[in-house]
Amino acid sequence: MGELPEVSSDCGPGPEAARVRDSEAKALAFVGSRLVLRETAQGLRLPTLDEVEAAFERERLEVGRVDVRVTLTRRQVHTFCFDDDEPLPAGYRCDGLRVAYHSLADDDFRAAGAARQIIEWRRTTRFCTACASPLVLADAHDALACSSCGRLHFPPISPAVIVLVQRGEQVLLGRSPRFQQGVYSTLAGFVEPGESLEECVHREIFEEVGVRVQRLRYFGSQPHPFPHSLMVGFVADWLEGSIRIDEDEIEDARWFHADDLPVLPHPMSIARALIEDFVRRVG
Ligand SMILES: [Zn+2]
């Protein structure tokens, strides 16, 4: 094995040597976990690579450069990751992804989420889980390779189900102590080894609120980069049982009528899409 590339940033093994320059391309720059946005008269948007290179000191750019491949755009994305205390140039601001969602086109938001996920994984995955040697960037697929045994490590994706349980014109929503005040959402949980998605739906709903469900319908899925879940959405009908919450998981769960809903989760979430779909269907 040849000489190892130098680790050049806090966000994981260093940049790939070959980069195609496309100065009009959008750049994803993070300050800590927040995304850098360009302030314009028309509102906020992603900066271009040219703008980022003009705005930040050359030396800082080299330290922060962590180009990643974002599969959904099928291209290399010009990505930078700076420390939390990096001063922002005039005309720029940075927002957490949940806030930035409101300023970005869907594709840009998803690319930012994917990039953030890969950056965070590289930052926190430094050593081989088999032999504890340092990891370096692999040649393909955004994998990391062990510098000693060669084992490849891929970004993790953790599937979770998220379920809207319906009983006529009522929907079962719960709240976790982590939620913002007043917010109720659809129930969700991670898939366990050996379990199908459908089995997970039945288990999670019964464990969390003590009810049985039937007639599962697939709704859609959404990558959730906080930190690396894939949310798989279902609609299910209530079958039997009254609410009995698992207090370790949630602090309240109730049936809400479609006309009398509580504060709902963030508009970008699949939970919100499930609830809005329910309201349309029963309305
Ligand atoms: Zn190894």
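**Confidence, burial and helix span in a predicted model**

The mean pLDDT of the chain in this predicted model is 88, and 89% of the residues reach 70 or more.

Q: Which residues have a pLDDT below 50?
A: Residues 1–19 have a pLDDT below 50. Beyond near neighbours in sequence, this stretch has 41 contacts in the model. Where pLDDT is low, the predicted coordinates should not be read in detail.

Q: Why does His153 count as buried?
A: The relative accessibility of His153 is 9%. Buried means under 20%, and therefore His153 counts as buried. His153 is located in strand 9, residues 152–153.

Q: What is His153 in contact with, leaving aside its neighbours within four places in sequence?
A: His153 is in contact with Trp121, Cys128, Thr129, Leu135, Ala143 and Leu144. Of these contacts, Trp121 belongs to the buried residues of helix 4.

Q: Why is Thr186 called buried?
A: Thr186 has a relative accessible area of 6%. The cut-off for buried is under 20%, so Thr186 qualifies. Thr186 lies in the loop between strand 11 (170–175) and strand 12 (187–190). Not counting residues up to four places away in sequence, Thr186 touches Ile162, Val163, Leu164, Leu173, Ala271, Leu274 and Ile275.

Q: What span is expected of helix 4, and what span does helix 4 reach?
A: Helix 4 (residues 106–124) has 19 residues. At 1.5 Å a residue, 27 Å is expected. From its first C-alpha to its last, helix 4 reaches 27 Å, close to that expected value.

Q: Which residues in helix 4 are buried?
A: The buried residues of helix 4 include Asp108, Phe109, Ile118, Ile119, Trp121 and Arg122.

Definitions and conventions. Residues numbered from 1 in each chain as written. Predicted model: local features only at pLDDT ≥ 70, side-chain atom pairs only at ≥ 80, totals over all residues. Heavy atoms only, no water. Helix = DSSP H or I, 4+ residues; strand = E, 2+ residues; numbered from the N terminus. Buried < 20%, exposed > 50% of the residue type's maximum accessible area, 1.4 Å probe, protein only. Contact = heavy atoms within 4.5 Å. Expected span 1.5 Å × (residues − 1). pLDDT = per-residue confidence, 0-100.
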